[in-house]
Amino acid sequence: PAQRLTGVGSTIFAEMSALAVRTGSVNLGQGFPDEDGPAEVIEAAVAALRGGRNQYPPGHGTPELLDAVVAHQRRHYGLELDRSQVVATTGATEAIAAALLGLVDPGDEVVVLEPYYDSYVAMIQFAGAVRRPVTLRAPDFRLDAAELAAAVTDRTRLILLNTPHNPTGTVLTRSELEAVAAVAIEHDLVVVTDEVYEHLTYDHEHVPLATLPGMFERTVTISSAGKTFSVTGWKVGWASGPADLVASVEGAKNWLSYASGAPLQPAVAVALNEHDAFHQALAKDLREKRDRLCAGLSTLGMQVYEPAGTYFVTTDVSALGHADGRAFCAALPELAGVVAIPSQVFYDDLDEGRHLVRWAFCKQREVIDEGLRRLGAAD
Ligand code: PMP
Ligand code: GLN
């Protein structure tokens, strides 16, 4: 394998889902819902497939999707974009890849929140850049403005942000975002912000970084249909921001995939335009599931850090006598028939992450209950 694959050979999510299938475990690991997205949206994809939308779409994205993203940013956040300020991608994953490859040079430093989503590390490495983690620490997983400022050097090119934050569930507050904005403006940095969980928050308002004064012109905002509309397998995402930054993202996307799936883009446009009610109901449902899983895990003796957003909850398993979350998660299928994600793989600083485990609650109630029952029986 090429050097750029060193240390990033495979994603933990695929590894743990394969383990769940192999062992017949309840999968509370990888974050995908076990119920479909809106029926009308799925029908819109079928109609597009039958309606001849089967050749290359514009590399930039189909006009319906670009317009729908423009309308979404205006309706939800008061952001005024035009089509040239949006690019459609193959999931948020490709948007992240294209943003880093299109905006960062070898040797540049990228400031990133730790724990980090695993593809960030791989893509920073593919870009030949160096990651500079800023740790969100238990129990609150807040962003410390002084630590953020201290992570910036004269080699820093970009801050890679994520709110609502996977895996901790932190929703960055306006004042935390103001700290990010202050640092970005002072050092003339670009910020790439991954907001795929923008609609999955529980009593906490999601504030897009791009809405802060002086930030639109230096921010690339990434989102995706996967989480908002429970279609993680569709891999339709997008990046938006000022035309010059979006052009750089598109410059890289051009050579990664050129264009993304033609029939799914108009269907996601339908979702964005007509199905706000879907994600509003989804967030309500998820909040109840969060409470159910948090209560259950807490009863089992773990320390539970209740998330304000995303569909993940982080726990500390050391009170159960397990100092190492990776060993705990490796043993769990055998012990209990349950799969969870060892959060330590999202840390450089193992002392911070060693004992943390992430559980997904985007699962039907019976699945959550069965997972909890199995964990209880293994106690
Ligand atoms: N960013 C974060 C924080 C995620 O949790 C995920 C998983 N959906 C992604 C990006 C990838 O999104 P997509 O499936 O649209 O590529
Ligand atoms: N975003 C999902 C998670 O955090 C997984 C996506 C993937 O498998 N790459 O669990």
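**Exercises on ligand shells and domain contact**

α4 gives the most to the shell around ligand 1, with 3 residues, where helices (H or I, at least four residues) and strands (E, at least two) are DSSP runs numbered from the N terminus. This is a predicted model, in which local features need pLDDT of at least 70 and side-chain atom pairs count only at pLDDT 80 or more, whereas totals for chains, interfaces and linings use all residues. Residues are numbered from 1 along each chain as its sequence is written, and chains are lettered from A and ligands numbered from 1 in the order in which they are written.

**Exercise 1.** Describe the residues around ligand 1.

*Solution.* Begin with the 15 residues around the ligand (C-beta atom, placed from the backbone, within 6 Å), of which G91, A92, T93, N166 and S224 come nearest. Next, the elements that give two or more residues to this shell are α4 (91-103) and α8 (225-228).

**Exercise 2.** Characterise the contact between domain 1 and domain 2.

*Solution.* First, the bounds, from an automatic or database domain assignment, are 3-37 + 277-378 for domain 1 and 39-275 for domain 2. The contact (C-beta atoms, placed from the backbone, within 7 Å) takes 36 residues from domain 1 and 37 residues from domain 2.

Definitions and conventions
Contact = placed C-beta atoms within 7 Å.
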